[in-house]
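Please keep the structure open beside the text as you read.

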Amino acid sequence: MKILVCISSVPDTTSKISFEENDTKFNKTGIQYIIGPYDDYALARAVELKETHAATVTVLNVGLADSEPQIRKALAIGADDAVRIDAEPTDSFFVANEIANYAKDKSFDLILMGRETTDYNSGVVHGMVGEMLGMPSFSPVMELNIDGTAVKLSKEIEGGKEKLETSLPCVMGCQEPIAEWKIPNMRGIMGARTKPLQVIAPSTGSLTAIEKYELPPAKGACKMISAEDAGSLIALLQTEAKVL
């Protein structure tokens, strides 16, 4: 079985965000980058499947050279080889198109990725990739088991879980608790240095140009209302918050 795991390189979720060049460019100064947290779950499940199904795991990243530490970490965790498409991931369609163009003639049985990235949070790349490759896609997948070409999964829906069955090949957007995050050990870190990492040019250009970034407005002052003064609370919800 051949598994492709698509990972993103995103700012650590504790990072302080700022912009530069008249708010047209993200300021990377002092930012610690990590594998997208949801992608970590996809990678962990792929490594588990590798151990139980004699699978091979390829990691794919659409990104510039500064994402290679995260790719090497994925190799240290257990991926066999990696590919970096040398381009700035500017929008979901561009990323999905690059993934699909790379995968279309590689005969992957399973394509895994996170349900969304934690920078842009679009949550649509897996669906686009499935459509482009003519494969069924599912997200957010919480359980994934494979028996031959049969796939049993459960995905989160409002108010509960939905259990489904499909067949390989397919595309999955993953989230917890599909697997436990894996931490690379020293042997894995040393071995990752010699695992192949292929860098290829993008197949297309991006259709998106950034006009401006802006931070969300600062939180307003908090008004404290006495528990005995329900009338004032209702009035404020009607006149100021306008939610009633």
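Pro-169 sits in the loop between strand S11 (160–167) and strand S12 (170–174). Helices (H or I, at least four residues) and strands (E, at least two) are DSSP runs, numbered from the N terminus. The peptide bond that joins Leu-168 and Pro-169 is cis, with omega about 0 degrees. A cis bond also leads from Glu-176 to Pro-177, where omega is near 5 degrees. Pro-177 belongs to the loop between S12 and helix H5 (186–192).

A word on the model itself: it is predicted, so local features need pLDDT of at least 70 and side-chain atom pairs count only at pLDDT 80 or more, while totals for chains, interfaces and linings use all residues. Residues are numbered from 1 along each chain as its sequence is written, and side-chain values use heavy atoms, with hydrogens and water left out.

## The protein as a whole

The protein has six helices and 13 strands. Its C-alpha trace spans about 65 × 45 × 40 Å along the principal axes. Of its 244 residues, 41% count as buried; buried means under 20% relative accessible area, exposed over 50%, and partly exposed in between (1.4 Å probe, protein chains only).

What share of the contacts between residues at least 6 apart in sequence join residues at least 24 apart? The share is 69%, where contact means heavy atoms within 4.5 Å.

## Helix H3

Helix H3 covers residues 92–103. At 1.5 Å a residue, its twelve residues should span 16 Å, and its end C-alpha atoms are 16 Å apart, which agrees. The expected span is 1.5 Å times one less than the number of residues in the helix. At the start of H3, a side-chain oxygen of Asp-91 comes to within 3.1 Å of the backbone nitrogen of Phe-93.

Ten of the twelve residues of H3 are buried, so the helix is largely enclosed by the rest of the structure. Among these buried residues are Phe-94, Val-95, Ile-99 and Tyr-102. The packing partners of the buried residues of H3 are strand S1 (2–6), S6, strand S7 (81–86), S8, H4 and strand S13 (197–200).

## Two buried side chains with polar contacts

Arg-84, in strand S7, is buried, with a relative accessible area of 5%. Its side chain is joined to that of Glu-68 by a polar contact of 3.0 Å. A polar contact is a pair of N or O atoms within 3.5 Å; within protein, one must be able to donate a hydrogen and the other to accept it, and residues adjacent in sequence count only if both atoms are side-chain atoms. Leaving aside neighbours within four places in sequence, Arg-84 is in contact with residues including Asn-61, Ile-71, Leu-197 and Ile-200.

His-126 is found in helix H4 and is buried too, at 8% relative accessible area. The side chains of His-126 and Ser-139 make a polar contact (3.2 Å). Not counting residues up to four places away in sequence, His-126 touches Met-113, Gly-114, Arg-115, Ser-137, Ser-139, Val-171 and Gly-173.

## Exposed residues

Asn-22 lies in the loop between strand S3 (19–20) and S4. Its phi is near 60 degrees, a positive value in a residue other than glycine, and at 74% relative accessibility Asn-22 counts as exposed. Ala-54, in the loop between H1 and S6, has a positive phi near 50 degrees. Ala-54 counts as exposed at 69% relative accessibility.

Thr-52 lies in helix H1 (residues 37–53). Is Thr-52 buried or exposed? At 58% relative accessibility, Thr-52 counts as exposed. The C-alpha atoms of Thr-52 and Ile-146 are separated by 9.9 Å, although the two residues are 94 apart along the chain.

## The largest pocket

The largest pocket holds about 1000 Å³ of space. Of the 44 residues that line the pocket, the closest to its centre are Ser-9, Val-10, Pro-89, Asp-119 and Tyr-120. On a 1 Å grid over the protein atoms alone, a pocket is an open set of points where a 1.4 Å probe fits, with protein on both sides within 12 Å along at least five of seven lines; lining residues have an atom within 4 Å of a point. Grid points are joined across faces, edges and corners, and a volume is the space filled by probe spheres set on the points.

Strand S6 (56–63) gives the largest share of the lining, four residues. By class, the lining has 20 nonpolar, 15 polar and nine charged residues. Here Ala, Val, Leu, Ile, Met, Phe, Trp, Tyr, Cys and Pro count as nonpolar, Asp, Glu, Lys and Arg as charged, and the others, Gly among them, as polar.
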